[in-house]
Amino acid sequence: MLIITFFTFLPALIAALQPGPPFVRLDKNDAMVIVADLQEGLYQIVRDFDPVTYRNNIIAHSAIAKLFNLPIVLTTSAETGPNGVLPKEIASMYPSAPLIRRNGEVDAWDNADFRSAVRAQNKTQIILAGITTDVCTEFLALSLRAEGYTVFANTEASGTFTDKLAADANQRMKDGGVILQGMFAIVMDLMRDWRNTPGSQQVLPWLDTYLPAYGYVARGHEAAVQNGTLAPGEEGL
């Protein structure tokens, strides 16, 4: 009986002893950003985020490229139909960036112009977000993985109809080797050190705009240094 029990749990034991996947770091010198179908019409079908939060997230995703001077490729799907155009806040950031207007391909990688635009950037790491998570992000992310790219899916800037669809898509991407990260982790990994450039001088104002929960940490510190006094009992705590 003990032998049977041992062999029953042996596979799990072996798996637990295996080393985990390597920690893949983002490199600002080898990374680019893709905006995939973050369109005004499609934005309206996203139900796994609060609308105000999600609007901020898709603009923030696009702004990562400007913060770190990364190349960016934009793509839309059937933008003259109900999917609509890119929000002007995104389009106006990059008036000269490649914008591939697809008129049929669901997976952006099936479009030859899009493939050419991505390959022309000569980067191996891609930071990606799209609507919907389970189609525009997942299909493209797995296609990029098949081409040998390292893909970081921004989980805060991809949206879909339900939480379950998002969870299922994220699991499929994870199983396919896609790295799932939120906006703050992506920015921190690109920066690496607050003393770098971009560093605190550039990143803190960016966070104040797009991640006010952290921006207000910096504001609170500023206020304490400039205007603060210790209340009785605080000194030495």
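Helices are DSSP runs of H or I, at least four residues long, numbered from the N terminus. The helix α6 of this predicted model is followed directly by Gly 148, which takes a positive phi of about 100 degrees.

The chain contains ten helices and six strands. Its C-alpha atoms fill a box of roughly 65 × 60 × 35 Å along the principal axes. Of its 237 residues, 42% count as buried. The accessible surface comes to about 13000 Å². Carbon and sulfur atoms hold 57% of that surface. There are 18 positive and 25 negative side chains. The centres of these two sets lie 4 Å apart. Among contacts with a separation of 6 or more, 78% join residues 24 or more positions apart.

In soluble globular proteins, nonpolar side chains tend to be buried together. In this model, the largest nonpolar core has 37 residues. Ile 64, Phe 68, Leu 70, Ile 127, Val 187, Leu 190 and Trp 206 touch the most other members. Two or more residues each come from β1, α3 (51-68), β2 (72-77), α8 (183-191) and α9 (200-210). Helix α3 gives the largest share, nine residues. Beyond its neighbours within four places in sequence, Phe 68 is in contact with Lys 28, Val 187, Leu 190, Met 191, Pro 198 and Val 203. A second, separate core has 20 residues. Its members include Ala 117, Leu 128, Ala 141 and Val 178.

Two further buried residues were examined in detail. Val 35 is found in strand β1. Val 35 counts as buried because its relative accessible area is 0%, below the 20% cut-off. Apart from neighbours within four places in sequence, its contacts are His 61, Ser 62, Ile 72, Val 73, Leu 74, Thr 75, Leu 86 and Ala 129. Val 35 and Thr 75 are 40 residues apart in sequence, yet their C-alpha atoms are 6.2 Å apart in space. Ile 90 lies in helix α4 (residues 88-91). At 0% relative accessibility, Ile 90 is also buried. With the neighbours within four places set aside, Ile 90 is in contact with Ile 58, Ile 59, Ser 62 and Leu 74. Ile 90 and Ala 120 are 30 residues apart in sequence, and their C-alpha atoms are 21 Å apart in space.

Helix α6 covers residues 133-146. At 1.5 Å a residue, its 14 residues should span 20 Å. The end C-alpha atoms are 18 Å apart, which agrees. Buried positions in α6 are Thr 133, Asp 134, Cys 136, Thr 137, Glu 138, Leu 140, Ala 141, Ser 143 and Leu 144. An α-helix has 3.6 residues a turn, so residues three or four places apart point the same way.

Most residues other than glycine have a negative phi, and most peptide bonds are trans. Several positions in the model depart from this pattern. A cis peptide bond joins Ile 131 and Thr 132, with omega of about 5 degrees. Thr 132 sits in the loop between β4 and α6. Another cis peptide bond joins Thr 197 and Pro 198, with omega of about -5 degrees. Pro 198 lies in the loop between α8 and α9, and is among the contacts of Phe 68. Asn 69 is not a glycine, but has a positive phi of about 55 degrees. Asn 69 lies in the loop between α3 and β2. At 71% relative accessibility, Asn 69 counts as exposed. Ala 78, also a residue other than glycine, has a positive phi near 45 degrees. Ala 78 is placed in the loop between β2 and α4. Its relative accessible area is 29%, so Ala 78 is partly exposed.

Conventions. Residues numbered from 1 in each chain as written. Predicted model: local features only at pLDDT ≥ 70, side-chain atom pairs only at ≥ 80, totals over all residues. Heavy atoms only, no water. Expected span 1.5 Å × (residues − 1). Buried < 20%, exposed > 50% of the residue type's maximum accessible area, 1.4 Å probe, protein only. Core = buried A, V, L, I, M, F, W, Y, C linked by side-chain atoms within 4.5 Å. Contact = heavy atoms within 4.5 Å. Areas by Shrake-Rupley, 256 points an atom, 1.4 Å probe, with all protein chains shown as cover. Lys, Arg positive; Asp, Glu negative; His and termini not counted. Charge placed at Lys NZ, Arg CZ, Asp CG, Glu CD.
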